[in-house]
Amino acid sequence: MKEIIKDAEDKMAKSVSNLETEFATLRTGRASASLFDTIKVNYYGNQTPLNQTANISVPEPRTVVIQPWDKGMLSEIEKAIQKSELGFNPSNDGKIIRINIPALTEQRRKELAKLSKEMAEKAKVAIRNIRRDSNDALKKAQKNGDITEDELKKGEDDIQKTTDKYVKNIDDVQAAKQKEIMED
């Protein structure tokens with residue numbers, strides 16, 4: 001029984017972690033190195049994450065500076081950023097790539113806030129599916145005689161408490177992201 005509960009908690013924690021990773025790629029009004037986590041660059045024939053080919057820094061709230069470790073990679077990095085869905089227009093001075101992050105319009109902020117709610121809702125659905133699967137596993141264990149009916153009830157209660165904890169965690173993460181999106 002403990003393995004079922006532990007497994008459910010591990011899966012729920014991964015769901016929250018995945019949501020946080022998705023949120024990191026959501027653009028807000030300020031610059032962040034994590035915006036570029038999903039960008040891959042053609043590095044001598046291999047698709048390599050940008051952060052493994054260059055130093056990404058944020059010297060000012062609306063500016064990102066990308067300094068490749070290999071100067072020959074400047075044009076490849078610039079192309080990768082332009083092809084990405086981020087919509088940035090990088091400027092290359094021969095040594096570094098500078099990206100100015102424009103302020104978001106009110107309409108775009110509302111769209112991003114709505115998108116963050118949808119992402120959070122998907123994560124909650126994943127948590128609920130884990131709860132259902134875990135409860136099914138407990139019922140099967142009780143049917144097979146591995147656990148008693150009292151242990152089944154206690155296990156279901158523990159899984160519900162864990163579910164509530166992670167759903168609240170998702171709500172907190174989503175509220176923080178929404179606040180970040182809506183501030184100027």
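A24 lies in helix α1, where helices are DSSP runs of H or I with at least four residues and strands are runs of E with at least two, numbered from the N terminus. At 23% relative accessibility, A24 counts as partly exposed; the scale calls a residue buried under 20% relative accessible area, exposed over 50% and partly exposed in between, with a 1.4 Å probe and protein chains only. Leaving aside neighbours within four places in sequence, A24 is in contact with S34 and L35, contact being heavy atoms within 4.5 Å. A24 and A120 are 96 residues apart in sequence, and their C-alpha atoms are 13 Å apart in space.

The structure is predicted, so local features need pLDDT of at least 70 and side-chain atom pairs count only at pLDDT 80 or more, whereas totals for chains, interfaces and linings use all residues. Residues are numbered from 1 along each chain as its sequence is written, and side-chain values use heavy atoms, with hydrogens and water left out.

Helix α1 (residues 2–24) also holds S15. S15 is buried, with a relative accessible area of 14%. Apart from neighbours within four places in sequence, its contacts are A126, I127 and I130. Another serine, S75, is placed in helix α2 (residues 74–83) and is partly exposed, at a relative accessible area of 37%.

Y44 sits in the loop between β1 (40–43) and β2 (46–49). Its phi is near 50°, a positive value in a residue other than glycine. Y44 is exposed, with a relative accessible area of 61%.

Along the principal axes, the C-alpha atoms fill a box of roughly 70 × 40 × 25 Å. Of the 184 residues, 39% are buried. Among contacts between residues at least 6 apart in sequence, 63% join residues at least 24 apart. The accessible surface comes to about 11,000 Å², and 47% of this belongs to carbon and sulfur atoms, as computed by the Shrake-Rupley method with a 1.4 Å probe, where for residues only the protein chains shown count as cover.

The largest pocket has a volume of about 330 Å³. Of the 15 residues that line this pocket, the closest to its centre are T25, T38, S84, E85 and L86. A pocket is an open set of points on a 1 Å grid over the protein atoms alone, where a 1.4 Å probe fits, with protein on both sides within 12 Å along at least five of seven lines; lining residues have an atom within 4 Å of a point. Grid points are joined across faces, edges and corners, and the volume is the space filled by probe spheres set on the points. Helix α3 (residues 106–143) gives the largest share of the lining, three residues. By class, the lining has eight nonpolar, three polar and four charged residues, with Ala, Val, Leu, Ile, Met, Phe, Trp, Tyr, Cys and Pro counted as nonpolar, Asp, Glu, Lys and Arg as charged, and the others, Gly among them, as polar.
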